[in-house]
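Subject: Structure handover

Hello,

Here is the structure for your files. The notes on its contacts follow below.

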2 protein chains.
Amino acid sequence: MADIDGRPRRSDATRRAILLAARVRFASDGYDRATIRAIAADARIDPAMVMRYFGSKARLFAAAVDPDLRLPDLSSVPRRRLGKVLVAHFLDRWEGDPGDDSLLMLLRSAATDDVARERMRHTFASQLTPVLAAIGGGSDEVAGPDEVAERAGLVASQLLGLALTRHILRLPPVVAMDRDSLVERVGPTIQRYLTG
Amino acid sequence: MADIDGRPRRSDATRRAILLAARVRFASDGYDRATIRAIAADARIDPAMVMRYFGSKARLFAAAVDPDLRLPDLSSVPRRRLGKVLVAHFLDRWEGDPGDDSLLMLLRSAATDDVARERMRHTFASQLTPVLAAIGGGSDEVAGPDEVAERAGLVASQLLGLALTRHILRLPPVVAMDRDSLVERVGPTIQRYLTG
DNA sequence: CGCTGAAGTCAACGAGTGTTGGCCTACAAT
DNA sequence: ATTGTAGGCCAACACTCGTTGACTTCAGCG
């Protein structure tokens, strides 16, 4: 947090350290098992500081998670390649640097925590669905809103299923496949859900 | 548990009550949030009894979960229909009566618990992969073991993704779709992973 | 210097957890 | 009826958690 005129404060570094440690812990342990004490220890700070800066564990989680799918502009992508482009995009996002794995952090927490669940629902409704609506539906007709929502849901089911089996459950065959193989084999699935 | 000669004991009913309550709680709350006290309360029993019967929470979980996919015999199913049959099978399993939702219970717990994760890996390796191996690969050739494993992984990613978005995250469009629609739209995906 | 307010430390509280051991109860066999 | 034993309950332990309030340290400024 900066001053009102933008001058940095001494506490900025601490705040960032807490947020970074929180993101790593939440992503690897989930909301419940990520303890304030562990996060504070990672940030080399007293647990009380976390409360001072963020008020409560729930508010720290809300501040740490930033569910931005960062969907690229798909309007310039050839329609036939939409599926593979989307799969490649998500694979790259998940394999990104630590502290940026908001989606995995949300996914792991959403299994038990209701706030994380709601956040997940909102993320997909507000970010994925509009993009799919812009893409347009099947061959000629304009897809109705219900049809768009269904497509978004199906796309989410495959992409989140991929994140689940690869990064959370770590099913060996899914972990073993490299990026290109996954794009090659899962891409057509997404493509069909988009323009099938 | 019956006596050595099969004679039922007085404790059998209690044991079953604990297991039933445990399955419901583990499935709806996950391993961490499902407390021994809550399970005991549901079974109208003292928490200490749970320990007496099962020794520990971890052993109770191990006893409660029964990850049997109950995959049907696919050898008599026409190849073209394999995808839809599999999707329909899993949808029916998840919508079954409470106390039988081992897969959801495992899935919810696997987000944070490592034992549940390992159990999940073993379940798919030992039940799904052999069935797919029996089905055989693409057009003519015999699929190698690596190829079969990859197919099983991809099938798992879509089916578990469906379970995740429909029953755990409860994304509205996925929840709204009825059984037949899902079979119709997800079936071809599984079909392609199986025989693509 | 001294003063002020922010930044950080420390110890503790209260609630909830899995787990344990002692005690009571009821049934079956003698 | 007495006794042995399995089934059940109660209270407590040891621990971890999020959270709180009082205390100390430090930077900046007159």
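**Contact between the chains**

The contact draws 37 residues from chain B and 37 residues from chain A, where two residues are in contact if their C-beta atoms, placed from the backbone, lie within 7 Å. On the side of chain B that touches chain A, α1 (11–33), α6 (102–110), α7 (114–135), α8 (145–168), α9 (172–176) and α10 (179–195) of chain B each supply at least two residues. Helices are DSSP runs (H or I, at least four residues), numbered from the N terminus. With 14 residues, α8(B) gives the most to this side. By class, the side of chain B that touches chain A has 20 nonpolar, 8 polar and 9 charged residues; Ala, Val, Leu, Ile, Met, Phe, Trp, Tyr, Cys and Pro count as nonpolar, Asp, Glu, Lys and Arg as charged, and the others, Gly among them, as polar.

This is a predicted model: local features need pLDDT of at least 70, and side-chain atom pairs count only at pLDDT 80 or more, while totals for chains, interfaces and linings use all residues. Residues are numbered from 1 along each chain as its sequence is written, and chains are lettered from A and ligands numbered from 1 in the order in which they are written.

**DNA strands**

DNA strand C is surrounded by 16 residues, the closest being Ser11(A), Ala48(A), Thr35(B), Ser56(B) and Lys57(B). Near means a C-beta atom, placed from the backbone, within 6 Å of the strand. α3(B) gives the most to the surface near DNA strand C, 3 residues.

Around DNA strand D there are 16 residues, and the closest are Thr35(A), Ile36(A), Ser56(A), Ser11(B) and Ala48(B). Here α3(A) has the largest share of the surface, 3 residues.

Regards
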